[in-house]
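Subject: Structure handover

Hello,

Please find the structure below. My notes on it follow.

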Amino acid sequence: MYYVTWDWHVKSVYASNAIEPLMKLSAPWRLGLLFLVSGVASSWMLNKLSVGGFIRQRSARLLIPLVFGMLVVTPPQAFVEAVEQVGYQGNYFDFMKLYPQAYHGFCDKDGCLDLPTWNHLWFVPYLWIYSLLLAGIALSLGKHFESVGNFLAKHLNGWKLIVLPTLLLALIRILLANRFPTTHDLVNDWFNHANSFSLFLLGALLARQTEFWQRLDAARWTLLGTALACWALVLVFDAWPDDRWPATPFPFWSKLFHLIYSLCQWSAIGAACGFAHKHLQFDSPKRRYLTQAVFPLYILHQTFIVVFAYVLKPASLAPGIEAIVLIVLTITSSFAVFEMVRRVPVLQPMFGLRADKVLALKSTTPQ
């Protein structure tokens, strides 16, 4: 995001459309995969906990990091954006006096900066809401929850493994994408909710359907090839001049684009799950370590990217070198903070860590 032309908190002087095709390679599916995996994990939790226990656990591990993140982690991003895009002249401490007051005076041609903000942490409140909805669905269905999963797994086979989820996602895009552009504001984000919750619920219902995951495993290369072909077509659609489309009414081409995009989305998600099922079906100390690290790193990474990019800009490094420096600093800083957090009990809840899991991790940390 720092190096492409799309709007973001801070922009490189080298920003161009050069790597936008690579962004579009992951854009259709990366967050959908996260919601699908979150649905799987939530389903396994529900299988072990009561509905009340599940809600309490999800609330503690999501809402505490969200509040902490909005008060401590995301403000530097907002400060850099105010300086870079609005020309704010105050220092960070002056900015933090305005931040909790919901100050809305930082405005440019693209609108005003909303404060306080969750920025990249939008995934967390969405996941919490979806967890509550899943708990309600599981409570309402009772033993039938597993039956619904059995029904889905039975019918998602052969060509239907690819076609049916694609049609669902395409229908959501056709009906809602243009009417409700993605906002990440939780309230008016109906296309994003329909898309993300559908994948979350699908993951939850199919979590224990072994045959379904085996089918993705068997179809992984077909799914990967389909995803790459659809990505290439998406690039063609995006690059094609509007006035060069055939005389057929444009809505047809728009619907075709949504269908291809959705096929790219589901095929890539299925391929990722298929390859994971094939090659990552084992436990290890390294996996347990990374499982604990992933949420703290998610919380931290974007703030480090934004701050380091802002600090490095005056150095005028060549873009390739600057990008490598940004990546190295972000990864090492994020892991350094995680290593500190997992050793300080009072900080663990702020990053969604469970004390019992951290204690177990310390005895198995890879050397």
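Contact, as used here, means heavy atoms within 4.5 Å. This is a predicted model, in which local features need pLDDT of at least 70 and side-chain atom pairs count only at pLDDT 80 or more, while totals for chains, interfaces and linings use all residues. Residues are numbered from 1 along each chain as its sequence is written, and side-chain values use heavy atoms, with hydrogens and water left out.

Glu 322

Not counting residues up to four places away in sequence, Glu 322 touches Tyr 2, Tyr 3, Ser 12, Tyr 14, Leu 312, Lys 313 and Leu 317. Glu 322 lies in helix α14, residues 319-341 (helices are DSSP runs of H or I, at least four residues, numbered from the N terminus). Its relative accessibility is 3%, so Glu 322 counts as buried (buried is under 20% relative accessible area, exposed over 50%, partly exposed in between, with a 1.4 Å probe and protein chains only). The side chain of Glu 322 also makes a polar contact of 2.7 Å with the side chain of Tyr 3. A polar contact is a pair of N or O atoms within 3.5 Å; within protein, one must be able to donate a hydrogen and the other to accept it, and residues adjacent in sequence count only if both atoms are side-chain atoms.

His 9

His 9 sits in the segment before α1 (20-26). With a relative accessible area of 9%, His 9 is buried. The side chains of His 9 and Glu 81 are joined by a polar contact of 2.8 Å. Leaving aside neighbours within four places in sequence, the contacts of His 9 include Gln 77, Val 80, Asn 119, Gln 302 and Val 306.

Helix pairs

The axes of α13 (residues 285-312) and α14 come within 7 Å and cross at roughly 135° (axes are lines fitted to C-alpha atoms, for helices over the stretch in contact, and angles run from 0 to 180 degrees between N-to-C directions). That makes α13 oblique to α14; angles under 35 degrees count as roughly parallel, over 145 as roughly antiparallel, 65 to 115 as roughly perpendicular and the rest as oblique.

Helix α6 (residues 123-141) packs against helix α7 (residues 144-155) at an angle of about 100°, with the axes 7 Å apart. α6 is therefore roughly perpendicular to α7. In this pair, Leu 134, Ile 137, Ala 138 and Leu 141 of α6 meet His 144, Phe 145 and Val 148 of α7.

Regards

Methods. Helices (H or I, at least four residues) and strands (E, at least two) are DSSP runs, numbered from the N terminus.
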